Amino acid sequence: MLITLLLFLISAVTIYLACEYFVNGIEWTGHHFKLSQSATGSLLAALGTALPECIVTLTALLMGDAPAQQQIGIGAALGGPLVLSTLGYAAVGVTLLLCLDHGHRVIHGEVQREIGRDQAWFAGIFLLAVLLGMMAFTDKTWLAPLFVLMYLLYVRRELKQTDSHDAELPSPLKLDPHTRIPALGKVLLQTLVALGVVALAAQLFVHQLENMGELFGLSPVVAALLLSPVATEMPELMNVLIWVRQGKHRLALANISGAMMIQGTIPKAFCLLFTPWLLDSTMMASSLVTLLAVALLWRGFSRERMTAGRLALVGLVYLGFCGWLMMS
């Protein structure tokens, strides 16, 4: 138990330190490719940090045809959006409240409208996936490319986004701090190395959390819904902490919404290809909680009334679901 806790803490600290280098590199990558802050966060950062979750889902599905293994894969695919739509946004709110003064906590209307549109896109895609999970019919596999296509349409939309003002240069590249605009090669080297460290540390973090689940006697499905997503979403949560502390709300929020779009499409495509994609009662409850959280987020962002306090309160949705799951 002591070794598990020690490795748990070491991996968490490693993820945070590596994410410092990753977010710095990803900002410069977006600058070199002339991407908006929204696209940098929702596409580049989200794609990099969402890889561990996608790998966890795909690995679970490919390890065998046993129903229990398929359930773990489906649980991981559903747990990611649940954690992001609750703890992910709550992390933004809590960090704003703790680290910034009142004047710097305001989320600008343009950013709120962008995130509101992302929630609407995600809600439509996720609702379709849930409806398919309620119906039993053969040849669901042909629907897998549809979810990939929906993600590509989202990517196309994000690439068209432009900043309404001249964005400031990112902080100096950590690998080359004395150069005003570092070379693209150094930027990519720092970003990819940091991402590799994040991925390795995240895998170690996942294994330690799984060990804790076994020690506490949690079932594989419960661990897949609750513990594994929290572990694999750790890079996004660390990115959020770093960017919000730097006052870059737009990048932090876009990172979460972009990761949600990936989690709402690519793992679902894997599940449609390799499983019958049928949701049991626990998975159905998880999906409904996710849709509830997204509805609350969409309502707040689309009306430009989302505040740091309201974002923090979204985390209570996740805690309530955890309490219900542990008692059932």
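Start by selecting Gly80, which is found in helix H3 (residues 67–99). Helices here are DSSP runs of H or I with at least four residues, strands are runs of E with at least two, and both are numbered from the N terminus. Before going on, note that this is a predicted model: local features need pLDDT of at least 70, side-chain atom pairs count only at pLDDT 80 or more, and totals for chains, interfaces and linings use all residues. Residues are numbered from 1 along each chain as its sequence is written, and side-chain values use heavy atoms, with hydrogens and water left out.

**Stop 1: around Gly80**

Is Gly80 buried or exposed? Gly80 counts as buried, because its relative accessibility is 1%. (Buried means under 20% relative accessible area, exposed over 50%, partly exposed in between, with a 1.4 Å probe and protein chains only.) Now show what Gly80 touches: Pro229, Glu233 and Gln263, leaving out residues up to four places away in sequence. Contact means heavy atoms within 4.5 Å. Gly80 and Ala50 are 30 residues apart in sequence, and their C-alpha atoms are 9.3 Å apart in space.

**Stop 2: H4 and H9**

Select helix H4 (residues 109–134) and helix H9 (residues 249–274). They pack at an angle of about 15°, with axes 10 Å apart. Axes are lines fitted to C-alpha atoms, for helices over the stretch in contact, and angles run from 0 to 180 degrees between N-to-C directions. H4 and H9 are therefore roughly parallel to each other. (Angles under 35 degrees count as roughly parallel, over 145 as roughly antiparallel, 65 to 115 as roughly perpendicular and the rest as oblique.) Show the side chains in the contact, among them Trp121 and Phe122 of H4 and Met260 and Met261 of H9.

**Stop 3: two stretches of chain**

Colour residues 74–100. This stretch is 96% helix and 0% strand, and its end C-alpha atoms are 38 Å apart. Then colour residues 308–327. Here the chain is 95% helix and 0% strand, with end C-alpha atoms 30 Å apart.

**Stop 4: two loops**

Select Trp277, in the loop between H9 and helix H10 (281–302). Trp277 has a positive phi of about 55°, although it is not a glycine. Trp277 counts as buried, because its relative accessibility is 1%.

Finish at Glu304, in the loop between H10 and helix H11 (308–313). Phi of Glu304 is also positive, near 60°, and this residue is not a glycine. At 38% relative accessibility, Glu304 counts as partly exposed.
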